[in-house]
There are 2 protein chains.
Amino acid sequence: MAQKKAKILERREEVLKGLKDFGASVYNQLDQGVFPSVNMPSRSTENITYDERLRQYVLGEKSVGRSTRNIRHIKPFTQLAWVALFSNELTDQRKTSTLRDVYYSAQAYEMTFSDQQESNNIITDLETLTGFAREDFHIFPEERSAIFGDLDVAYTVPGYEGKSVNLTSHPDGVLIGPAITSSEFLKTSADKIIAIEKGALFTRFIEESVHSKHKSLLISCGGQAPRQTRSFIRRLHDELNLPVYIFTDGDPWGMHIAQVIISGSANAAHLRELNTPDAVWSGVWASDIIEYNLPTDPLDEVDIKRLYELQKDPRYQNDPIWQREIKTFLKIRRKTELEAFSRYGLTFIVDKYLPTKLEAEPDVAAGSGKKKK
Amino acid sequence: MAQKKAKILERREEVLKGLKDFGASVYNQLDQGVFPSVNMPSRSTENITYDERLRQYVLGEKSVGRSTRNIRHIKPFTQLAWVALFSNELTDQRKTSTLRDVYYSAQAYEMTFSDQQESNNIITDLETLTGFAREDFHIFPEERSAIFGDLDVAYTVPGYEGKSVNLTSHPDGVLIGPAITSSEFLKTSADKIIAIEKGALFTRFIEESVHSKHKSLLISCGGQAPRQTRSFIRRLHDELNLPVYIFTDGDPWGMHIAQVIISGSANAAHLRELNTPDAVWSGVWASDIIEYNLPTDPLDEVDIKRLYELQKDPRYQNDPIWQREIKTFLKIRRKTELEAFSRYGLTFIVDKYLPTKLEAEPDVAAGSGKKKK
């Protein structure tokens, strides 16, 4: 417990040190009488490659510089310095914020951004420069995912230190926000994590006691899981050493929600540990539509276009399951939803489908390339 | 406590009785050798009027009949009987479901709906016929709103009976789902309820201890509050006897999010107790934009069209504040967001704006017509 807490505090120290280092380098350059400048990896498309070993996108060798010697660089450089200053205040004072807040907060410092896109970009610059995610700087997305299951956590936010709370205390589930993502994980009886695309199924799973019947921590992604939820799943996987199973709607969008949890996104190529390469997409597969004779809707043009894109996507290359499922979707031209199992009764999905999928041999579950033994 | 629990169980009994009564009337008619039929209030637009006394929309005198004597009525009548049967199973077995689930579940009973719109309509028929909301029949929306604050509740769902849990136990907040909306409210130190449009501000409010500094229960609406959250706010207001203050973005859409919590919607004219007529819209007002010199965006065409619609809406008629704010929006042609207060620092909204608004005399807060003394 003390060890885990130390690790959380350690990361905080590292984040603050990263920011301080940037500030120190600016001062040092000024002291030496040179125009302050920074260098960071380029995030342009041609510098993003898929790393087979890390099983995620990474940035290549190309870098970009920002020098205050260049009149066109002075504004973004100053903005970057301000975002670092503001992030330092947030992290130091343990206050959370959002991308939108940062944009408006700039005005309190007479710092100008022409629109929120500009401030978002500068925040991504700071991520690239330091290697930390904006969540590390206390800049969070809107909360919309949730967790339920037998896990004791100790919150590290003021007023909660030292107390152990169980995540089954409220049967509707607990929001995944800044507090839980910075909590210590103390104790669990779960032997797996089940992430579900939709809140409605999350509720069904709780109601049917999936957490106890299948010893699992249940996570509602709330659609495409926000970044903080994706890195939270990674932390749960790494620290508790639990396998992760993902259940989504049976369409290209659901499939990709699983893929982003597994392999991350190109937009986050400058960061690590937002994704869980060992997680598996358990369903709903295109082949489940056939096997379970599920009610379906026809794929529309956008769905089909998306499938052809995914077919070429490097994240889908190295696993025969992904490729097979894309082909099956294209062949049957139908899609379905998790709720479609209700055609066999409300509890079929929990009583029959889920156990079958959880018991499936690892090599029939779609993960990314390498599989755990 | 026992009394409150009794009340929850009593409602459950009433719901089951309402369904049974419908079934009994069908059997009675069959026994008497007549074609079974039902009568219910018409939900057509011309039968919806705004009731000044109830301060919500209601249905008028017009009614519609469905008789199995009429070949065109046999299908919707049978569908209605099936939805009643299914609702009875859900309520009796305490299983929750969604509109989508009901649509798919029909297939398990070889009951056909041509699309989900058709099953949704039949569910609304059952609401109209019985006077109960679909949530009473355990048909719930996707959870996306949340609560935080000093309130002890006792869940009535299986496995939780008798335990008292406090709603501050998880600092990110607890989801508002089927369990909490059916819980008993045991004890609170709060003297008000603050409902907030956005999750980001909900998080800020928790972080800045608004719940203890201003003795309040905090609710994140998650945008337009789902029906179950609106009736949950009403229950909190009625049972705990607490005033409700609503904070939204400063635009016609935010204003209307508050209005629907206060006065309900025309779509729910056949139901009661989904709205809280005594709740007040505390901000962000158009006049706050001027008073606080907030950063703004221009109103676009859709915003302006919406304001002219709201100006004529009966729910906006009887309160000078609503009318004044609509006029101010139209005059300044600008809108803003809750986050805009961050221009004065992250905590300004909590330190300055919120107390000013909460201390405002009741007659300067926009409610609907009548005000509490």
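Modeller: A definition to begin with: two strands pair if DSSP finds at least two bridges between them. Also, this is a predicted model.

Colleague: Fine. In what order do the three strands of the open sheet in chain B run?

Modeller: The order is E7-E6-E9 in chain B, with antiparallel pairing. Strands E7 (164–166) and E9 (184–188) of chain B are the edges, each pairing on one side only. From one strand to the next, the twist averages 30 degrees.

Colleague: How many bridges join E6 and E9(B)?

Modeller: Four bridges, in the antiparallel sense; strand E6 of chain B covers residues 151–154. Across that pairing, B:Val153 stands opposite B:Phe185 in E9(B).

Colleague: Which helix lies across E6 and E9 of chain B?

Modeller: Helix H8 of chain B, residues 227–240, at about 55 degrees to E9(B).

Colleague: Changing topic. Where does A:Gly199 lie, which helix?

Modeller: A:Gly199 is in helix H6 of chain A, residues 199–207.

Colleague: Buried or exposed, and why?

Modeller: A:Gly199 is buried, because its relative accessibility is 4% and the cut-off for buried is under 20%.

Colleague: What is A:Gly199 in contact with, leaving aside neighbours within four places in sequence?

Modeller: A:Ser220 and B:Glu142.

Colleague: Cysteines next. How many disulfides turn up over all chains?

Modeller: Zero, from a search of the whole structure.

Colleague: And is A:Cys221 buried or exposed?

Modeller: A:Cys221 counts as buried, at 1% relative accessibility. B:Cys221 is buried too, with a relative accessible area of 0%.

Key
Residues are numbered from 1 along each chain as its sequence is written. Chains are lettered from A and ligands numbered from 1 in the order in which they are written. This is a predicted model: local features need pLDDT of at least 70, side-chain atom pairs count only at pLDDT 80 or more; totals for chains, interfaces and linings use all residues. Side-chain values use heavy atoms; hydrogens and water are left out. A disulfide is a pair of cysteine sulfur atoms within 2.5 Å. Buried means under 20% relative accessible area, exposed over 50%, partly exposed in between (1.4 Å probe, protein chains only). Helices (H or I, at least four residues) and strands (E, at least two) are DSSP runs, numbered from the N terminus. Axes are lines fitted to C-alpha atoms, for helices over the stretch in contact, and angles run from 0 to 180 degrees between N-to-C directions. Contact means heavy atoms within 4.5 Å.
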